[in-house]
Amino acid sequence: MSKKQAHIDQLFRRYLSGDIGPGEEAELEAYAQEEEALARAIQAIREQPMLDHPAAVERIKSRLPRAARKKTLLTYRWVAAACLLLAVGTSLLWLPEWSGNQLDDFAMRPTESQAAEKAIQEAAAEDAPDPVTPAALPKVRAKKAPSLPTAEEKIEKQAKQAPATPSEEQLLTTKELGAPGEETKQQLAANTAVAPTEEQAEIAVRQVPAAAATKRRELSPPPIPATTMPAQDRLSADFTQAVKLPSVAGYITNEEGEPIAEVEVLLAGQPMGIRTDSSGFFVLKGIQAVERISFSHPNYRSFTLALGGNQRELQIALEAVKEEPNTDWMLEAARTTIYPNPIRSFAYPQQGMKALKKAIVQQIPPELRQGKIRISFTVDKLGKVSNISADENTPAALLENIGNYLRQNSRWQLVSDENEPVEVSMLLRL
Amino acid sequence: MLRFFKSREQAAADATLLARFQELPSAAALSPLFERYVELIYGQALHYLKDAAKAEDACIDIFEHLLRKLPEQDIQNFRPWLQTVVRNHCLMQLRREKREPSQQSEELLVHSGALAHLLAGGLPEEDPRLEALKACIAALPTEQKQCVRLFYLTEGQTYLSIAEQLSLDLGKVRSFIQNGRRNLRICIEKRIKTIAI
């Protein structure tokens, strides 16, 4: 910032506070001739001279959501204290904590930890028939009700039962997902409160999937024996790097390639799912033996995808069912197509999604054009297209035509940190 | 993280502060940059939205908008970019409220300087404008006359100092001086029929 601009800003500050004389005011006016924003600001003050503008500015400053810089040392200590507490909290989890519970619909007596232990073992033996009812939640918590050593023994026992393991993860999965609405409130509570009550500790563990810095909702069930994992997860942005759980992630976009937020991503057979964030991104971790993922949103036609073994990075375009109001998207001051998630890959055709689709459709011979088709293909890190497929009803000639065009004429860019190929699924209207 | 402990009273360039923020996006890192511009942002918002409370809210919204969007942008010139952001935000809000953005009026803007120049003796004694000026100042209502005389004809006065001297609110002083200027202009134009002020 140049000295002149700093000087101008300082002059305006003084004008606002009234600590300015006529000569300097004249100087400020001269600068205002060159800078429209300054002119507008001066005019605003003059239009309402009676308002206490300095007070307004002070109010703004005090309302800014920031950690006060004067207290940075304290902030540091808070962070350290919070980490420590998290570690303490996870061990506290194993202590009885039925008091002050927020969930009301338990399937068993909360205070009888003996019965709870029995219930756990029975549940594990039955392979947890309905993992996602609210009853599952207290079951999971009941697991933690007994004291630390016994619980760990039990968990390990259960872990050894092979069929129980996935359900274990699923239980934790749903537990982590449980009551997403409470998350935000509790996240605030967990971030600011320091008192190590058991309840807080439990809430803190529930906040494990929600990283403190971002609003992204990630599903990250920690592996059962490692009770310190939640603490790490809380601190590191991407957990999958540390633990190699198979996961599926990707972006959901509309036909134009713009992201869709709040798309519900469901695993087949489980009523609880995850939602895409504002950049259309979602991650499902710990996927084992799941074959179908479905994506649904009120404005779009639901879409189900059968996962093959290799698909890990997805990019799905959904078909709009009704008019999507995208005015806010359009009115953004600086609109870019870079998505703020560098960890995952995103494939984008060089000419743009719209132009590419237009080009494909245009070169299809008229006799092959009918209705709309959905095609899927893989884009690797070099931008090469392969593995083109469509659903069974598509005529082979059409598929070949589109496939050839894609392979030869489309140039894709893979924005990626890991160089994983992306599975793109898009809809073409012929 | 050590930079959090450094004193913020450095005259760091916009670009430096911006880079720092982009390295480690946090509200604390954005604050120095934002506070540097907060008065201007407030002024602009006030101009568009007309209401101080709304302008305050808009400033907070803009801060949050910056917190979200800034890390992703590659900005060469922060100042004009920021001004565009503020402008668009205010216009969008006006659109939501279905109000028209106000027109810029010349009258309020470019007068203090001209008057100051005139009163500071930029004219020879015989100039008719000076005559008219003197007469018009005498014709002003009392408070406006007082304020205008103090501000323009006395050395080293500021709005604050006048407010103190006359035991008035800063806002009142501003108002008197502005209205005084306007009245002077009308009066002088009536007398001479030449523009100038």
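This note goes through the interface, the salt bridges and the cysteines of a predicted model.

1. **Chain A overall.** Chain A has 15 helices and 12 strands. Of its 430 residues, 47% are buried.

2. **Extent of the interface.** The size of an interface is often given as the accessible area lost when the parts come together. Here, chain B and chain A bury about 5,900 Å² between them. Carbon and sulfur atoms give 59% of that area. Three residues stand out on the chain B side: B:E39, B:R79 and B:R174 supply 11% of the area that chain B buries against chain A, more than any other three residues. In residue terms, 67 residues of chain B are in contact with 58 residues of chain A.

3. **Polar links across the interface.** Chain B and chain A share 7 salt bridges. There are also 18 residue pairs in polar contact between these chains, counting pairs with both residues at pLDDT 80 or more. On chain B, the elements that give two or more residues to the side touching chain A include α2 (27-49), α3 (52-69), α4 (78-97) and α10. Helix α2(B) gives the most, with 17 residues. The chain B side divides into 30 nonpolar, 19 polar and 18 charged residues.

4. **One salt bridge between chains.** Side chains of opposite charge can pair when their charged atoms come close. A:R13 and B:E39 form a salt bridge, with N to O at 3.1 Å. Over all chains the count is 19 salt bridges. The A:R13 to B:E39 pair crosses between chains, from helix α1 (residues 3-17) of chain A to helix α2 of chain B. B:E39 has 7% relative accessibility, so B:E39 counts as buried. A:R13 is partly exposed, with a relative accessible area of 24%.

5. **A salt-bridge network in chain A.** Salt bridges link A:E255, A:R301, A:E319, A:K372 and A:R429 in a network. A:E319 has 6% relative accessibility and counts as buried. In one pairing, A:R301 meets A:E319, with the closest N and O atoms 3.2 Å apart. A:R301 lies in strand β6 (residues 300-306) and A:E319 in the loop between β7 (313-317) and α13 (327-331), so this pair ties together parts that are 18 residues apart in sequence. A:R301 is partly exposed, at 44% relative accessible area.

6. A:K372 is in strand β9 (residues 372-379), so its pairing with the β7 to α13 loop ties together parts 53 residues apart in sequence. At 40% relative accessibility, A:K372 counts as partly exposed.

7. **The disulfide.** How many disulfides are there over all chains? The count comes to 1. B:C136 is joined to B:C187, with an S to S distance of 1.9 Å. This pair links distant parts of chain B: helix α7 (residues 128-139) and helix α10 (residues 170-192), with the cysteines 51 residues apart. The torsion about the S-S bond is about -80°, so the disulfide is left-handed. Both cysteines count as buried, B:C136 at 1% relative accessibility and B:C187 at 16%.

8. **Another cysteine of chain B.** B:C59 is in no disulfide. Its nearest cysteine sulfur, that of B:C90, is 8.0 Å away. B:C59 is buried, at 0% relative accessibility.

Conventions: Residues numbered from 1 in each chain as written. Chains lettered and ligands numbered in written order. Predicted model: local features only at pLDDT ≥ 70, side-chain atom pairs only at ≥ 80, totals over all residues. Heavy atoms only, no water. Disulfide = S-S within 2.5 Å. Helix = DSSP H or I, 4+ residues; strand = E, 2+ residues; numbered from the N terminus. Buried < 20%, exposed > 50% of the residue type's maximum accessible area, 1.4 Å probe, protein only. Contact = heavy atoms within 4.5 Å. Buried area = accessible area lost by both parts, 1.4 Å probe. Salt bridge = Lys/Arg side-chain N within 4 Å of Asp/Glu carboxyl O. Polar contact = N/O pair within 3.5 Å; in protein donor to acceptor, adjacent residues only side chain to side chain. Nonpolar A, V, L, I, M, F, W, Y, C, P; charged D, E, K, R; others polar.
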